Amino acid sequence: YEDEKFLSKCFVDTGDIEYLLDTNDSKCIVVGRTGSGKSALLEQIKEIEENVIILQPDELAINYIANSNIIRFFEKIGIKLDIFYQLLWRHVLAVELIKKKFNITNENNRNSFLDRIRDIFDRDKSKEEAINYLMEWGDKFWLEADKRIKELTTKLENELSASSDFSGLGIPLTVKGTEHLSSEVKEEIIQRAQNVVNNVQIQKLNRVIRLLSDDIFTDQQQKYYILIDRLDDDWVEDQLRYRLIRALIETTKSFRKIQPVKAIVSLRSDLLSIVFEKTRDSGFQEEKYDDLILKLKWDKEALKELLDKRISLLMQEQYTSSVVKFDTIFNSKPSGKKPIDYILDRTLMRPRDAISFINLCIELAYEKDEISTDVIKKAEKIYSKKRLGALCHEWFASYPHLDMYVDLIKNKNNGFTSSAINKVDIEELALSLSVSDDLGYDPIKSLAEKMFETNAPTKTKFKNSILRILYFIGVIGVKKSTYSAVSWSQIDEPVISEKEILNATHFDVHPMLHSVLGINGNNKKQQQR
């Protein structure tokens with residue numbers, strides 16, 4: 001409740017909500033790092049718009065698919081189920097829109113809708129296939145989405161099972177059953193099963209979408225929004241989750257044809273990158289999705305406004321009825337800087353970081369009128385440790401041993417060069433990674449193991465791979481030339497290439513981690529051991 005209250009009352013409009021509310025604008029995939037305000041945007045839409053549908057992936061019975069032995073059997077032998085996953089999303093979104101539009105919660109409302117459908121058919125016989133699809137599902141409109149997904153999945157299971165004579169083969173329809181298939185039998189099953197998948201009713205649903213656009217959602221002033229959040233959670237195992245998210249992205253594109261309707265999806269930026277990487281097929285072009293993506297970015301003015309609102313609300317509820325803002329309680333100069341600059345310099349320019357730092361300061365300054373430099377410095381030590389833990393958690397799916405990578409730059413001087421990380425540092429880290437527990441695939445652990453087994457990659461390549469990852473996630477920035485400013489992934493280019501890392505290349509550790517990593521901020525030339 002507290003989070004929702006602050007999200008609502010302390011919302012700061014950075015201009016992004018205008019894109020999302022405009023149903024003619026293509027931007028519908030809200031992308032940002034953890035804590036960048038994605039959920040706050042969706043909450044604001046829910047608050048200010050009347051016709052809003054909320055879909056939570058963990059309430060859609062997706063685990064029913066993940067636990068289906070039949071589905072897993074056919075995926076294991078190589079059947080592509082992407083079309084079926086798109087069918088699921090299109091069906092759920094179409095039915096949820098109809099339920100919302102006609103308030104279908106019982107049989108009477110359903111019958112009223114079906115009468116409307118019959119009238120459309122009398123006027124336009126070309127819509128027969130779409131209308132038949134809706135009539136077929138008419139008695140299930142008021143069912144919850146999870147029940148509809150189970151029914152669609154069961155239908156596919158039955159059709160896949162019937163596509164070949166498995167009783168004659170004498171093998172179970174399980175993942176282990178795939179081990180007993182000869183290559184000839186496997187090829188025949190794949191061909192038949194893929195035809196079943198390719199013939200799912202996706203074309204009928206395309207015609208349903210056209211029907212919704214032409215005959216049902218025709219009032220351009222009456223907007224409808226479908227909000228899909230929490231895709232970052234562990235609602236299903238990863239490989240299936242990636243394919244379902246990719247199918248959802250494709251589905252949002254198809255629903256763009258219904259002008260007063262917009263399906264809006266919230267995704268972490270790292271998760272979107274993984275989805276594209278894991279579901280990449282021949283001819284895939286990531287830039288084709290650029291028009292759909294709204295990347296969230298904050299500047300200091302917007303973050304300062306957010307902090308003013310939160311502090312004012314907090315103080316009014318707990319301490320005083322007077323208007324209290326950031327500058328009212330923060331007026332010292334830590335390290336000679338304005339407090340707002342000092343604090344925001346220790347964030348990745350996203351709300352959650354700044355709020356976390358401010359909350360710690362307020363807690364440590366309990367019953368004091370002002371927050372001193374000493375309090376800010378004490379808060380920074382706690383905050384710095386928490387930020388490192390939060391980064392390791394945020395990136396665990398991609399880099400489960402990130403906490404060990406970071407050891408490579410501990411106790412360095414800020415402004416260290418690549419050559420300051422010597423062979424001893426590299427060998428010690430590679431050995432630690434090689435013998436560490438398996439927490440899931442880790443590209444750097446894999447490199448470390450190969451380095452000891454085959455002497456490839458080289459120690460330089462191993463080191464540079466880590467530096468590139470640390471730059472990508474925001475731990476370090478890079479100074480590409482003597483006269484250039486330090487570049488940060490969250491502000492400038494998101495990645496750096498291996499060619500851009502030379503022995504003399506300078507790296508700065510992000511100030512948010514100086515305390516926890518024991519970084520000397522004097523920019524002295526780092527000496528090798």
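Reply: A disulfide is a pair of cysteine sulfur atoms within 2.5 Å. The structure holds zero disulfides. Cys10, for instance, is in no disulfide, and the nearest cysteine sulfur, that of Cys361, is 17 Å away. Please note that this is a predicted model, in which local features need pLDDT of at least 70 and side-chain atom pairs count only at pLDDT 80 or more, while totals for chains, interfaces and linings use all residues. Residues are numbered from 1 along each chain as its sequence is written, and side-chain values use heavy atoms, with hydrogens and water left out.

Me: Is Cys10 buried or exposed?

Reply: A residue is buried under 20% relative accessible area, exposed over 50%, and partly exposed in between (1.4 Å probe, protein chains only). Cys10 counts as buried because its relative accessibility is 2%. Cys28 is likewise counted as buried, at 0%.

Me: Which strands pair with β1?

Reply: Strands are DSSP runs (E, at least two residues), numbered from the N terminus, as are helices (H or I, at least four). Two strands pair if DSSP finds at least two bridges between them. Strand β1 (residues 29-32) pairs with β4 (residues 261-268) in the parallel sense over four bridges, and three bridges join β1 to β5 (residues 293-295), also in parallel. Ile29 has Val265 as its bridge partner in β4 and stands opposite Ile293 in β5.

Me: Which way do the residues of β1 point?

Reply: Ile29 and Val31 point one way, Val30 and Gly32 the other, and all are buried.

Me: How is a pair of aromatic rings described?

Reply: One gives the distance of the centres and the angle of the planes. Rings of Phe, Tyr and Trp (its six-membered ring) pair if their centres lie within 6.5 Å; planes under 30 degrees apart count as stacked, over 60 as edge-to-face, and the rest as tilted. The whole structure has 14 aromatic pairs. One of them, Phe217 with Tyr224, is edge-to-face, at 5.1 Å centre to centre and 85° between the planes. Both Phe217 and Tyr224 are buried. Elsewhere, ring pairs link Trp395, Tyr399, Tyr405 and Phe472 into a cluster.

Me: Where is Val435 found?

Reply: Val435 lies in the loop between α21 (423-434) and α22 (443-454). With a relative accessible area of 62%, Val435 is exposed.
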